Amino acid sequence: MTRRLPPLNALRAFEAAARHLSFTRAAAELGVTQAAVSYQIRLLEEHVRQPLFRRLTRRLELTDAGHDLAEAVADGFQRIGGAVERLTERRAGTVLSISTLQTFASQWLVPRLGHFQVLHPEIAVRLDASARIVDLEREFDVAIRNGRGDWPGLAADKVIDLSVAPVLSPALLHRAGGLAGPADLLRLPLLDTVDPDDRRLWLGWFRQAGVPVDAADLPASIQFDTQQFSGQAAMMGQGVAMVCPAFFGPEIAAGRLVPPFPGLLFDTGDAFWVVSSRRRAQEPDIRAFRAWVLSEVTACAGAA
C-alpha cells in the first residue's frame with residue numbers, strides 16, 4: 001500500500017526552514033509570509049506526531065526527529081531536481097561547444113574524447129580548432145588556451161605546462177652521424193611555427209643547454225602553422241622541431257620521433273588551460289568536461 005505522504009507545501013516549507021533555521025528567511029525564499037511557513041510546519045508536525053523544531057528565544061533548533069527528516073527531505077529534493085535536470089537536458093539535446101587550439105586538439109584531446117562520450121553519453125560535443133578569441137558567455141561553453149591563466153572573468157584550470165624540447169626522426173639522426181652535444185643541432189634544419197616566439201624557444205633551449213647563441217646564429221628554418229605540422233615534418237626527416245613532448249608521447253614511445261637530449265626541457269612559463277566563463281563554470285556539462293580533462297591529466301601523469 002502506498003504510504004500517505006505529507007503535503008508537498010509542508011515539506012518545502014520545512015526544508016527551507018531547516019536549512020535556514022529561520023521561519024522568516026524561509027518565508028522570504030519561498031515568497032510567502034512567515035505565518036504561512038509556521039502554519040505548514042505545524043501541519044507537518046501534526047502529521048508526524050512530534051515536534052521538529054525547538055522554538056527558542058530568537059532562534060530555532062532542530063529536534064532529533066527534525067534532523068532525520070531534514071536529511072531525508074533534502075536528499076529527496078536533490079534527487080528529484082537532478083532527475084528533472086537530466087530529463088530537460090536530454091529533451092534539449094545538450095551540446096557542449098569547445099574551442100581549442102589545433103595542436104592540442106589533434107595531439108591530445110581528440111584521441112581521448114571518446115572516453116568523455118562514454119562517461120557522458122547525454123552530452124554531445126562540438127569541437128572548433130582555432131586560436132581566435134571567442135565569447136565564452138554565448139558562442140562557446142569552454143575553451144583550451146595557452147598562457148599564464150590570469151584572464152579576467154574566466155575560471156582557468158591548468159592542464160599541461162608548456163615545456164618544449166627538440167625532436168627529430170631516427171633517419172635524420174642517422175644521417176647527421178649522431179649528435180655529440182646540443183650545439184650539433186645548429187648543423188641541421190630547424191622547423192618552426194609561424195609564431196615569432198618560436199625563435200625565442202630555440203634561443204632559450206640552447207642557452208639552457210649551455211650553448212651561447214643569438215638569433216643570428218640559428219640556421220634558417222621552415223615555418224608551419226602549428227606544432228602538429230612541424231612535428232609531422234620532423235617525423236618525415238625534414239628537420240628538427242621544437243615541440244611540447246606531452247603532445248607527441250605515442251610518436252616518441254614508438255620511436256618515430258627522437259628527443260636527442262631528453263633531459264633538457266625549456267620551461268616557457270606558459271601552460272595550457274581549460275577555461276570557461278566564471279559565471280557559467282558550475283553548469284553541469286561544463287563542470288563535467290573540466291573534471292574529465294583534469295582526471296585525464298592525472299591519469300597520464302600516473303602512467304608516465
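**Charge, shape and burial**

Modeller: I will begin with charge: the protein chain carries 33 positive and 34 negative side chains, and the centres of these two sets are 8 Å apart. Please keep in mind throughout that this is a predicted model.

Biologist: What makes the protein chain more spread out than a compact globule?

Modeller: The secondary structure comes to 10 helices and 10 strands. For a chain of 304 residues the globule rule gives 19 Å, whereas the radius of gyration here is 29 Å, well over that value, and therefore the chain is described as more spread out than a compact globule. The C-alpha trace, taken along its principal axes, spans about 90 × 40 × 35 Å.

Biologist: How much of the protein chain is buried, and what share of the accessible surface belongs to carbon and sulfur atoms?

Modeller: Buried residues account for 43% of the 304 residues. The accessible surface comes to about 16,600 Å², and 55% of that belongs to carbon and sulfur atoms. As for contacts between residues at least 6 apart in sequence, 71% of them join residues at least 24 apart.

Biologist: Why is Ser230 called buried?

Modeller: The word applies under 20% relative accessible area, and Ser230 has a relative accessible area of 1%, so it is buried. Ser230 lies in helix H8, and, with neighbours within four places in sequence left aside, it is in contact with Leu191, Asp192, Thr193, Phe224, Ala241 and Val243.

Biologist: Which other residues of helix H8 are buried, and what do the buried residues of H8 pack against?

Modeller: In helix H8, which covers residues 227-235, Gln227, Gln228, Gly231, Ala233 and Ala234 are buried along with Ser230. The buried residues of H8 pack against helix H5 (102-119) and against strands E6 (154-167), E7 (190-193), E8 (221-224) and E9 (240-243). After H8 comes Gly237, with a positive phi near 80 degrees.

Biologist: How do you know that the buried residues of helix H2 are on the same side of H2?

Modeller: The buried residues in helix H2 (residues 23-30) are Phe23, Ala26 and Ala27. They cover an arc of only 100 degrees around the axis, and so they are on the same side of H2. The exposed residues Thr24 and Ala28 are carried on the face turned away from that buried side, while the cover over the buried residues includes helix H1 (8-20), helix H3 (34-48), strand E1 (53-56) and strand E2 (59-62).

Biologist: Why does Trp205 count as buried?

Modeller: Trp205 is at 0% relative accessibility, and the cut-off is under 20%, so Trp205 counts as buried. Trp205 is found in helix H7 (residues 197-208), and, leaving aside neighbours within four places in sequence, its contacts include Val164, Pro182, Met242 and Phe261. Between Trp205 and Leu265, 60 residues apart in sequence, the C-alpha to C-alpha distance is 7.1 Å.

Biologist: Gly147 has a relative accessible area of 11%; what makes it buried?

Modeller: A value of 11% falls under the 20% cut-off, and therefore Gly147 is buried. Gly147 lies in strand E5 (residues 142-147) and, beyond neighbours within four places in sequence, is in contact with Asp270, Ala271 and Trp273. The C-alpha atoms of Gly147 and Thr268 are 121 residues apart along the chain and are separated by 9.6 Å.

Definitions and conventions
Residues are numbered from 1 along each chain as its sequence is written. This is a predicted model: local features need pLDDT of at least 70, side-chain atom pairs count only at pLDDT 80 or more; totals for chains, interfaces and linings use all residues. Side-chain values use heavy atoms; hydrogens and water are left out. Helices (H or I, at least four residues) and strands (E, at least two) are DSSP runs, numbered from the N terminus. The radius of gyration is taken over C-alpha atoms; the globule rule is 2.2 Å times the number of residues to the power 0.38. Buried means under 20% relative accessible area, exposed over 50%, partly exposed in between (1.4 Å probe, protein chains only). Contact means heavy atoms within 4.5 Å. Accessible areas come from the Shrake-Rupley method with a 1.4 Å probe; for residues, only the protein chains shown count as cover. Lys and Arg count as positive and Asp and Glu as negative; His and the chain ends are not counted. The place of a charge is taken as NZ of Lys, CZ of Arg, CG of Asp or CD of Glu. The arc is that of the directions from the helix axis to the C-beta atoms.
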